[in-house]
Amino acid sequence: MKDVLVIGGNRYFGKRLIALLKESGHRVAILNRGSSEAPDGIEQLVADRDDEAALEAVLAGRSFDVVVDQVCYTPRQAEIARRVFAARTRRYVMTSTVEVYEYEDSAAPVAEDTLDLGTVAVDTGVVWEDPEFREAHYGEGKRQAEAVFAGAGASAGAVPGAGVAADGGGSPFAWASVRVAHVLGGADDFTGRLDHYARRIRSGEPIGVPVVNRPATYVYVEEIAAFLAWAAVGTDFTGPVNAHSQGPLTTAEICAEIERQVGGRTVFREVEVGEISPFSFSRSYGMDNSRAIGLGYSFSHSSIWLADAVAETLGGVTR
């Protein structure tokens, strides 16, 4: 049994992660701003993660075997977390994103070391507190947050990319990041991305895609929750790891399954300049999950769950 703190986790695969940890017999607490209540049997700590003094106060006298940070979006948040948790946890797992590879365009699947965190410039002076700015710079915010944890640009005692983070005083904790692929599935998918396609397919409205439309890596919502639970309590790896189901998907494959379930007709319109649909990609940055497999995790294939993922999100009937 381990003491686990989940920061965030109020929705989507975060809720599933908390349920899995509890079902496995671990002592789980969540930390959030109190906008939603904790599930039954889960301790809730209320504080704004951006308020360092509030975090210190609510965590006074507390320590955890592992912290899973679901909502670290900026280097400023990472710096606060490093200071606050340096002496409060042995291991820190940050939920990151495939979008850290936003500057990649590779015919081969992208491995973790494609991104050298030691070369990432960290800028905590920009307006990260502005929600619009943060959303527009989502991938960059995650890149810089990872760099902070990895030690890039940190003060004495940090080793860039070594998987050990240190605060200003040099107190270390083991650090890992899970770079999550595009997530599909669940009736509680809040993104509206599949609905974007469903509405256009039902009506025959054109769907904007780039002239060269690349496949991408995806993961089922239940699988990423299970992977994060495994990453938190089932292993002790450090550094970044890519997490995605086997079998990249194209926009056409996703739309074909939606069309099969909702009817209508898929019409693609190639767009050289302008807005394209959510799961259309003009560059190739599909991830390589070899490291996760080598660490002992076995991923499912997208062909197994795609139909269920679409049905869950769009309210259809699973096969």
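## Exercises on helix packing and burial

The axes of helix H3 (residues 75-85) and helix H5 (residues 138-150) come within 7 Å and cross at roughly 25 degrees. The model is predicted, with local features needing pLDDT of at least 70 and side-chain atom pairs counting only at pLDDT 80 or more, while totals for chains, interfaces and linings use all residues. Residues are numbered from 1 along each chain as its sequence is written, and side-chain values use heavy atoms, leaving out hydrogens and water.

**Exercise 1.** Classify the angle between H3 and H5, and describe their contact.

*Solution.* Axes are lines fitted to C-alpha atoms, for helices over the stretch in contact, and angles run from 0 to 180 degrees between N-to-C directions. Angles under 35 degrees count as roughly parallel, over 145 as roughly antiparallel, 65 to 115 as roughly perpendicular and the rest as oblique. H3 is therefore roughly parallel to H5. Next, with contact meaning heavy atoms within 4.5 Å, Pro75, Ala78, Glu79, Ala81 and Arg82 of H3 meet Gly141, Gln144, Ala145, Val148 and Phe149 of H5. These residues comprise six nonpolar, two polar and two charged.

**Exercise 2.** Check the length of H7 and determine how far it is covered.

*Solution.* The expected span of a helix is 1.5 Å times one less than its number of residues. The 13 residues of H7 should span 18 Å, and the end C-alpha atoms are 19 Å apart, which agrees. For burial, the cut-offs are under 20% relative accessible area for buried, over 50% for exposed and in between for partly exposed (1.4 Å probe, protein chains only). Ten of the 13 residues of H7 are buried, and the helix is mostly covered. Among them are Phe227, Trp230 and Ala232.

Note on methods
Helices (H or I, at least four residues) and strands (E, at least two) are DSSP runs, numbered from the N terminus. Ala, Val, Leu, Ile, Met, Phe, Trp, Tyr, Cys and Pro count as nonpolar, Asp, Glu, Lys and Arg as charged, and the others, Gly among them, as polar.
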